[in-house]
Amino acid sequence: MKLSFVHSSSCFTYMLYFLAFLCSFCFNMKLNFKHQLGLLCVTLLLPALCFSQDSFTCSRATFYGSPDCYGNPRGACGFGEYGKTVNDGSVAGVSWLWKNGSGCGACYQVRCKIAELCDENGAYVVVTDYGEGDRTDFIMSRRGYSKLGRNTYASAELLKYGVVDVEYRRVPCRYGGYNLLVKVHEHSRNPQYLAILILYIGGAYDVTAVELWQEECQEWRRMRRAFGTVFDAENPPRGDIKLRFQFSGNAEQYWVQSKNVISADWEAGAVYDSEIRLG
């Protein structure tokens, strides 16, 4: 079962009503143990229904302007130019879905609700920034927001609205031909300070932690989440650096070690292929 990490208050409201009804029904009908057990099984399945990734959550979306309609290369996730052009520039800033930066790189299907204007599939966006609006979960690039419309005319009309009611759900990210990549951040200084950012996070997973191997201590050392998807460490190990990543998603959490190392002569801007394929 794939779990969604978004709230669904209406579902829980109905669940509480149903539980109250069951208690009243069992008390009044004086059901035997076998029937009570059956009703209990139904009750235990209700939370799974509420957390189904196939369900949509209601919210609102708006957009931000940029000269070329692409994303913001200075987004809070720290992606840089990657955050501007990934997913053909269909990106978004979020607030509730930010999750202290672990929400960076997540993919969402967002669709609006004006039947005569909105495309039934909506837009698919990648989280690259933090942003708060007027009861909005998504502040989308203009390029991404325009994809909510059925056609060019509809997209232009939606832009006039400025803010629209939407529904959204988490979906797996698909990056054909790309493994998870590790890029040495521009502020890194060999050998005193190493900062990395993580690109092409596939599937429906969040990177919740990164560790590097400390050879002299024979143990894994936790890197600090500096901001967004940027992790850093003062005085990193000399020589080649082994990394492992903690992924969270699909109701599980586990560690995966990169099959490649960061070479001893690493420098700012270098990119390394982890050979980890998610999704």
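Trainee: In the hairpin of E9 and E10, which residue takes a positive phi?

Mentor: In that hairpin, which has four residues between the strands, Gln 218 takes a positive phi near 55 degrees. Before going further, note that this is a predicted model, in which local features need pLDDT of at least 70 and side-chain atom pairs count only at pLDDT 80 or more, while totals for chains, interfaces and linings use all residues. Residues are numbered from 1 along each chain as its sequence is written, and side-chain values use heavy atoms, with hydrogens and water left out. Helices (H or I, at least four residues) and strands (E, at least two) are DSSP runs, numbered from the N terminus.

Trainee: In what sense do strand E9 and strand E10 pair, and over how many bridges?

Mentor: Two strands pair if DSSP finds at least two bridges between them. Strand E9 (residues 206–214) and strand E10 (residues 219–222) pair in the antiparallel sense over four bridges, and Glu 211 has Arg 222 in E10 as its bridge partner.

Trainee: Which residues of E8 lie on one side and which on the other?

Mentor: In a regular strand the side chains alternate between the two faces of the sheet. For E8, Tyr 193, Ala 195, Leu 197 and Leu 199 lie on one side, and Leu 194, Ile 196 and Ile 198 on the other, all of them buried. Buried means under 20% relative accessible area, exposed over 50%, and partly exposed in between (1.4 Å probe, protein chains only). Seven of the seven residues of strand E8 (residues 193–199) are buried, so the strand is largely enclosed by the rest of the structure.

Trainee: Which bridges join E8 to strand E12?

Mentor: Five bridges join E8 to strand E12 (residues 230–234), and the two run antiparallel, with Tyr 193 opposite Glu 234 in E12. Strand E7 (residues 181–184) also pairs with E8 in the antiparallel sense, over four bridges, and there Val 184 has Ile 196 in E8 as its bridge partner. In the loop between E7 and E8 lies Pro 191, which a cis peptide bond joins to Asn 190, with omega about 10 degrees.

Trainee: How many salt bridges does a search of the whole structure find?

Mentor: Side chains of opposite charge can pair when their charged atoms come close. The criterion used here is a side-chain nitrogen of Lys or Arg within 4 Å of a carboxyl oxygen of Asp or Glu, and a search of the whole structure finds 11 salt bridges. One of them is formed by the side chains of Arg 170 and Asp 206 (3.0 Å, N to O). Arg 170 lies in strand E6 (residues 164–171) and Asp 206 in strand E9, so the pair ties together parts that are 36 residues apart in sequence. Both Arg 170 and Asp 206 are buried.

Trainee: In the salt bridge of Arg 224, which side chain is the partner?

Mentor: The partner is Asp 232, at 2.7 Å from N to O. Arg 224 is exposed, with a relative accessible area of 51%, whereas Asp 232, at 4% relative accessibility, counts as buried. Salt bridges that share partners also join Arg 60, Asp 134 and Arg 135 into one network.
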